[in-house]
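Here is a short briefing on one protein chain. Look over the sequence and the model before reading the points below.

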Amino acid sequence: MATPPNFEEGQSTYKPPRFNGQYYGWWKTRMHGFIMAEDSELLDVICDGPFFPTKTSGDPAVTIPKTRKEFNDADRKSIEKNFRAKKILVCGIGPDEYNRISAFQSAKEIWEALQTAHEGTTRVKQSKIDMLTTEYELFRMKDDESIQDMHTRFTSIINELYSLRKIIPRNKLVRKILSVLPSSWESKVNAITEEKDLQKLTIDELVGNLKTYEMKKKKDNEKREPKREKSLVLKTDNND
């Protein structure tokens, strides 16, 4: 799930995340969390569709919709769920996206229209999953790349897969990160593999451990640099 570059968020926690037509996977995941925090039943309305009050009538009995005058308090509260969910979605999109969904009456229709527009049909979605899976399998840390930058690139791929409902187990992600490190990290990889239980090790713990090691390597290199310069100066003096 790619994150918008240079994005600064200062919104109230009472306002839904805003979608401007880009980074749909990022917005979808955050909107999902926002809706769950507001009311988990709203997500049921978005996934399953709105509630329609019904009653049984006739002989033999058949189920028919209630008229508005027949609604009881429970019916009205259930109906309100759709409008609450719809309000959150509408408040979370910009003008261009609103034009795409303005004709829809249910939150489910809005959610599915945005999903189809930005993730594509099932066939397109699978193509994206295949492409991202290949990118994941070929992922490697660059020689001049920091652990933080590598982790940011890696997380972006994983989050995109997650937004498409392709979940990779945590222990596999941990092993993947260890496998993509350059050969100069071999001793550290071996130490982590021997000392840690990779089934329980979290991504954050692993990255934190690697960052600490990276800082230590940098300090050691800085200490060696003055000695090297001094050695070069002495060598030059001797030649003179």
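Glu41 is partly exposed, because its relative accessible area is 44%, and the limits for that class are 20% and 50%. The model is a predicted one. Glu41 sits in helix 2. The side chain of Glu41 forms a salt bridge with Lys81. That pair opens the first topic.

- Lys81 and Glu41 meet through their side chains, with 3.2 Å from N to O.
- Lys81 lies in helix 3 and Glu41 in helix 2, so this pair links distant parts of the chain, 40 residues apart.
- Lys81 itself is buried, with a relative accessible area of 18%. The cut-off for buried is under 20%.

**A closer look at Asp39**

- Where is Asp39 placed? Asp39 is in the loop between helix 1 and helix 2.
- Is Asp39 buried or exposed? Asp39 counts as buried, because its relative accessibility is 15%.
- Leaving aside neighbours within four places in sequence, Asp39 is in contact with Lys81 and Arg84.

- The chain has ten salt bridges by the rule used here.
- One of them joins the side chains of Glu119 and Lys28, at 3.0 Å from N to O.
- Glu119 is in helix 5 (residues 107-119) and Lys28 is in helix 1 (residues 24-38), so the pair ties together parts that are 91 residues apart in sequence.
- Both Glu119 and Lys28 are buried.

**How helix 1 and helix 5 pack**

- Two packed helices are described by the angle between their axes and the distance between the axes.
- For helix 1 and helix 5, the angle is about 150° and the axes are 10 Å apart.
- Helix 1 and helix 5 are therefore roughly antiparallel to each other, since that class takes angles over 145 degrees.
- The crossing of helix 1 and helix 5 is left-handed.
- Helix 1 makes the contact through Tyr24, Trp27, Lys28 and Met31.
- Helix 5 brings Trp111, Leu114, Gln115, His118 and Glu119 to the contact.

**How helix 7 and helix 8 pack**

- Helix 7 spans residues 147-163, and helix 8 spans residues 170-180.
- The axes of helix 7 and helix 8 come within 12 Å and cross at roughly 140°.
- Helix 7 and helix 8 are therefore oblique to each other.
- Helix 7 passes helix 8 in a right-handed crossing.
- On helix 7, the contact residues are Met150, Phe154 and Ile158.
- On helix 8, they are Leu173, Lys176, Ile177 and Val180.

- Cys91 lies in helix 3.
- Cys91 counts as partly exposed, because its relative accessibility is 44%.
- Which residues does Cys91 touch, not counting residues up to four places away in sequence? Cys91 touches Pro16 and Arg18.
- Cys91 and Phe19 are 72 residues apart along the chain, and their C-alpha atoms are separated by 9.3 Å.

**The chain as a whole**

- The chain holds ten helices and two strands.
- What is the order of the elements from the N terminus on? The elements run α-α-β-β-α-α-α-α-α-α-α-α.
- The chain has 240 residues, and 32% of them are buried.
- Take the contacts between residues at least 6 apart in sequence: 57% of these join residues at least 24 apart.
- The accessible surface of the chain comes to about 16100 Å². Carbon and sulfur atoms account for 50% of that surface.

Definitions and conventions
Residues are numbered from 1 along each chain as its sequence is written. This is a predicted model: local features need pLDDT of at least 70, side-chain atom pairs count only at pLDDT 80 or more; totals for chains, interfaces and linings use all residues. Side-chain values use heavy atoms; hydrogens and water are left out. Helices (H or I, at least four residues) and strands (E, at least two) are DSSP runs, numbered from the N terminus. Buried means under 20% relative accessible area, exposed over 50%, partly exposed in between (1.4 Å probe, protein chains only). Contact means heavy atoms within 4.5 Å. Accessible areas come from the Shrake-Rupley method with a 1.4 Å probe; for residues, only the protein chains shown count as cover. A salt bridge is a side-chain nitrogen of Lys or Arg within 4 Å of a carboxyl oxygen of Asp or Glu. Axes are lines fitted to C-alpha atoms, for helices over the stretch in contact, and angles run from 0 to 180 degrees between N-to-C directions. Angles under 35 degrees count as roughly parallel, over 145 as roughly antiparallel, 65 to 115 as roughly perpendicular and the rest as oblique. A crossing is left-handed if the near helix is turned anticlockwise from the far one by less than a right angle, and right-handed if clockwise.
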